[in-house]
Structures are given as C-alpha cells and as structure tokens.
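Please look through the sequence and the model below before reading on. The briefing that follows goes through the chain topic by topic, beginning with a question.

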Amino acid sequence: MMVIDDVAPEVVFDGGKVIAVKKGGIAVLPKYTVSDNITDSKDITVEKIVRNPNGRVWALDNKEDSFYCDFVGEYELRMIFIDQAGNTTMEIFTVLVTE
C-alpha cells in the first residue's frame, strides 16, 4: 500500500523571530526542533538563505549556524525545511544590526 505524504514538517524554535546584533557581530541562527509525520528528522533538508540590507543574497552551508553582519540595517533570514516528499515549511527571521 502506498502512503501519500502531503503534510509539511513541523518546526519549533527557541526564542523569537527578531535577532539583535551589533555591526561587525555574528548572528547566530535560532535553535530548533523539526519533526514530520513520515520523514525522520535527520532526513529533513534545511536550507538557510540570508539577504543583507544591500540586497545581496546567499545560502549558508548546511553546517553553518551563524553569519557575519557587516552592514547596519535589517537582514532577512529564511529557513526552509523540506521532507522527502517535497513538502516544505518556511520560517522568516529578521536580524536587526545596529552601530
């Protein structure tokens, strides 16, 4: 019998959706727990995308859990969780960088 998986992963984060950092500091990604109805949590793909205040976008390596903040302003951090069936959950965080 074939099981149809149309349920996105569930993610629980420690902390809020805004991260405060001083210019020249390191933004640390929030800790999280991910689960899914079928896919084992270790098999869920996690993509981490950052956009800085100047519009530059880059992806963090799978093992990276932080990034350098060299501009004042708002960075956007997107964390996308994908199970083996392709179902996705996306969470967006704001990193506020001040002088």
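With which residue does R51 form a salt bridge? The partner is E76, and the closest N and O atoms of the two side chains are 3.8 Å apart. The model is a predicted one, and this pair links distant parts of its chain, since R51 sits in strand β5 and E76 in strand β8, 25 residues apart.

**The chain as a whole**

- The secondary structure of the protein chain consists of 9 strands and 0 helices, so that reading along the sequence gives the pattern β-β-β-β-β-β-β-β-β.
- Taken along the principal axes, the C-alpha atoms fill a box of roughly 60 × 25 × 20 Å.
- The protein chain has 99 residues, of which 35% count as buried, and its accessible surface comes to about 6,200 Å², with 52% of that area belonging to carbon and sulfur atoms.
- When contacts between residues at least 6 apart in sequence are considered, 60% of them join residues at least 24 apart.

- Strand β5, which covers residues 45-51, has V46, K48 and V50 on its covered face, while T45, E47, I49 and R51 lie on the uncovered one.
- On one hand, β5 pairs with strand β8 (residues 73-82) in the antiparallel sense over 7 bridges, and within this pairing the bridge partner of K48 is M79.
- On the other hand, β5 is joined by 3 bridges to strand β6 (residues 57-59), and these two strands also run antiparallel; here R51 stands opposite V57.
- The hairpin of β5 and β6 has 5 residues between the strands, and in this hairpin G55 takes a positive phi near 95°.

- V50, whose place is in strand β5, counts as buried because its relative accessible area is 0%, and the cut-off for buried is under 20%.
- Although V50 and L77 are 27 residues apart in sequence, their C-alpha atoms are 4.7 Å apart in space.
- Leaving aside neighbours within four places in sequence, V50 is in contact with several residues, including V57, W58, F67, Y75 and L77.

**The nonpolar core**

- The largest nonpolar core has 21 residues, and those with the most contacts inside it are F67, C69, Y75, M79, F81 and V95.
- The elements that give two or more residues to this core are β1 (10-13), β2 (18-22), β5, β8 and β9 (88-98), and the largest share, 4 residues, comes from β8.
- C69 touches residues from several stretches of the sequence: apart from neighbours within four places, its contacts include V21, A27, Y75, V95 and V97.

**Salt bridges**

- Side chains of opposite charge can pair when their charged atoms come close.
- The count for this model comes to 4 salt bridges.
- K17 forms one of them with E91, where the closest N and O atoms are 2.2 Å apart; because K17 lies in the loop between β1 and β2 and E91 in strand β9, the pair ties together parts that are 74 residues apart in sequence.
- To return to the opening pair, R51 forms a salt bridge with E76, and salt bridges that share partners join R51, E76 and R78 into one network.
- R51 itself is partly exposed, with a relative accessible area of 32%.

- I26, V28 and Y68 make a nonpolar surface patch of about 300 Å².
- Of these residues, I26 is found in strand β3 (residues 26-28) and is partly exposed, with a relative accessible area of 47%.

Terms used: Residues numbered from 1 in each chain as written. Predicted model: local features only at pLDDT ≥ 70, side-chain atom pairs only at ≥ 80, totals over all residues. Heavy atoms only, no water. Buried < 20%, exposed > 50% of the residue type's maximum accessible area, 1.4 Å probe, protein only. Pairing = 2+ DSSP bridges. Contact = heavy atoms within 4.5 Å. Core = buried A, V, L, I, M, F, W, Y, C linked by side-chain atoms within 4.5 Å. Patch = residues over 30% accessible without salt bridge, like charges linked within 9 Å, V, L, I, M, F, W, Y side chains within 5 Å. Areas by Shrake-Rupley, 256 points an atom, 1.4 Å probe, with all protein chains shown as cover.
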